[in-house]
Amino acid sequence: MSTSLTLPSNAGSTSLRSRILPLLGAAVIAATYLMLVLLQPVEAAAGLSSWPAVTAFAGYLAGAILLLVGVLPQLPPSAVAIIPVGLALNIVLGQFVGSTLVPLYLDSIGTVLVGLLAGRSAGAATGVLGSLVWSLFNPTVLPFAAGAAAIGYLAGTAGRLGVLRRVYWAPVAGFLTGVVAAVLSAPVAAFVYGGTSGAATGALVAMFRAMGDGLLASITKQALISDPADKALAFLVAALLVAALPRRIRLQFPQVQRQASRPGE
């Protein structure tokens, strides 16, 4: 058999793996999220000493690994190297802002940055991995890993649609992503925690409760106030960070290469 006949087979196998594994990873993450919402295990907030937290950690970790195994062989070293940077940005900014009276989170800038540069699967995996690593010393973030994955996936979608070519669209994409994140995170905050852990966001929930709203309605309203503004800011900051990079460095990343290859660039 000639070499020309074997190469398409290898390429086809790689392409199939790159499609199936991220889908399996997304399915595992979605199943773990549904487990938390349907079973409403309050023990999940107690850290890895409880079975719901261990199950959630294992499910989210398996989903993130499947995503990464599917996407990493296609990424250049520069894109792989940016994932730990994204994790560090999420944890440092999120830990700092969570202790202030600002009703925002700023714990997804790193996830958005990776999604914009490296694509949807890499963004989703960064969101999940960031939640897993952060949960080792702050267990309250673990149940929200599915929302973090959705943010990374949507950031990758925004990058594919051309947000990096027109930065002024970044806050719009972030706002819409924030609405999705709010809808995903509100049931977890209500059923697992009975509220939110942030000082300022907790005050908003208390205000809506005092006005007569139920717990889930109060948390959903708070999330729909906080998340769209938070994600609009996160997308804008991430897009500006990408724009500040020298062109030769930006072109090392798959999403930027794809945009640059389009006519008119």
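## What the words rest on

Mentor: Start with Thr126, which touches Ile83, Gly86, Leu87, Gly110, Thr111 and Val114, not counting residues up to four places away in sequence. Contact means heavy atoms within 4.5 Å. This is a predicted model, where local features need pLDDT of at least 70 and side-chain atom pairs count only at pLDDT 80 or more, while totals for chains, interfaces and linings use all residues. Residues are numbered from 1 along each chain as its sequence is written, and side-chain values use heavy atoms, with hydrogens and water left out.

Trainee: Why does Thr126 count as buried?

Mentor: Buried means under 20% relative accessible area, exposed means over 50%, and partly exposed is in between, using a 1.4 Å probe and protein chains only. Thr126 has 0% relative accessibility, so it counts as buried. Its place is in helix H5, residues 120–135. Its C-alpha is also 9.9 Å from that of Ala145, a residue 19 places away along the chain.

Trainee: And what makes Leu106 buried?

Mentor: Its relative accessible area is 18%, which is under the 20% limit, so buried is the word. Leu106 sits in the loop between helix H3 (77–98) and H4.

Trainee: Which residue with a positive phi follows H4?

Mentor: That's Gly119, with a phi near 110°.

Trainee: How do you know that H4 is mostly covered?

Mentor: You go through it residue by residue with that same cut-off. Ten of its ten residues come out buried, among them Ile109, Leu113, Leu117 and Ala118.

Trainee: Which residues of H4 and H6 meet?

Mentor: On the H4 side they are Thr111, Val112, Gly115 and Leu116, and they meet Ala148, Ile151, Gly152, Ala155, Gly156 and Gly159 in H6. By class, that contact has five nonpolar, five polar and no charged residues. The classes are set like this: Ala, Val, Leu, Ile, Met, Phe, Trp, Tyr, Cys and Pro are nonpolar, Asp, Glu, Lys and Arg are charged, and the others are polar, Gly among them.

Trainee: At what angle do H7 and H9 pack?

Mentor: Helix H7 (residues 170–193) and helix H9 (residues 215–244) pack at about 145°, with axes 6 Å apart. That crossing is right-handed as well. Its contact has 22 nonpolar, five polar and two charged residues.

Trainee: Why does Thr177 count as buried?

Mentor: Its relative accessibility is 4%, under the 20% limit, so it's buried. Thr177 lies in H7 and touches Ile151, Leu154, Lys231 and Phe235, not counting residues up to four places away in sequence.

Trainee: What makes Val71 buried?

Mentor: A relative accessible area of 10%, again under 20%, so the label holds. Val71 is in helix H2, residues 51–71. Beyond its neighbours within four places in sequence, Val71 is in contact with Ser121 and Ala122. Its C-alpha lies 8.6 Å from that of Arg19, which is 52 residues away along the chain.

Trainee: How many helices and strands does the chain have?

Mentor: Eleven helices and zero strands, where helices are DSSP runs of H or I with at least four residues, strands are runs of E with at least two, and numbering starts at the N terminus. Of the 265 residues in the chain, 46% are buried.

Trainee: Which residues does UniProt list under "transmembrane region"?

Mentor: The unreviewed entry lists several spans, including 51–72 and 232–249; such annotations may be inferred rather than shown by experiment. In the model, residues 51–72 are 95% helix and 0% strand, with end C-alpha atoms 31 Å apart. For residues 232–249 it's 89% helix and 0% strand, with the ends 25 Å apart.

Terms used: Axes fitted to C-alpha atoms, helices over the stretch in contact; angles between N-to-C directions. Left-handed = near helix turned anticlockwise from the far one by under 90°.
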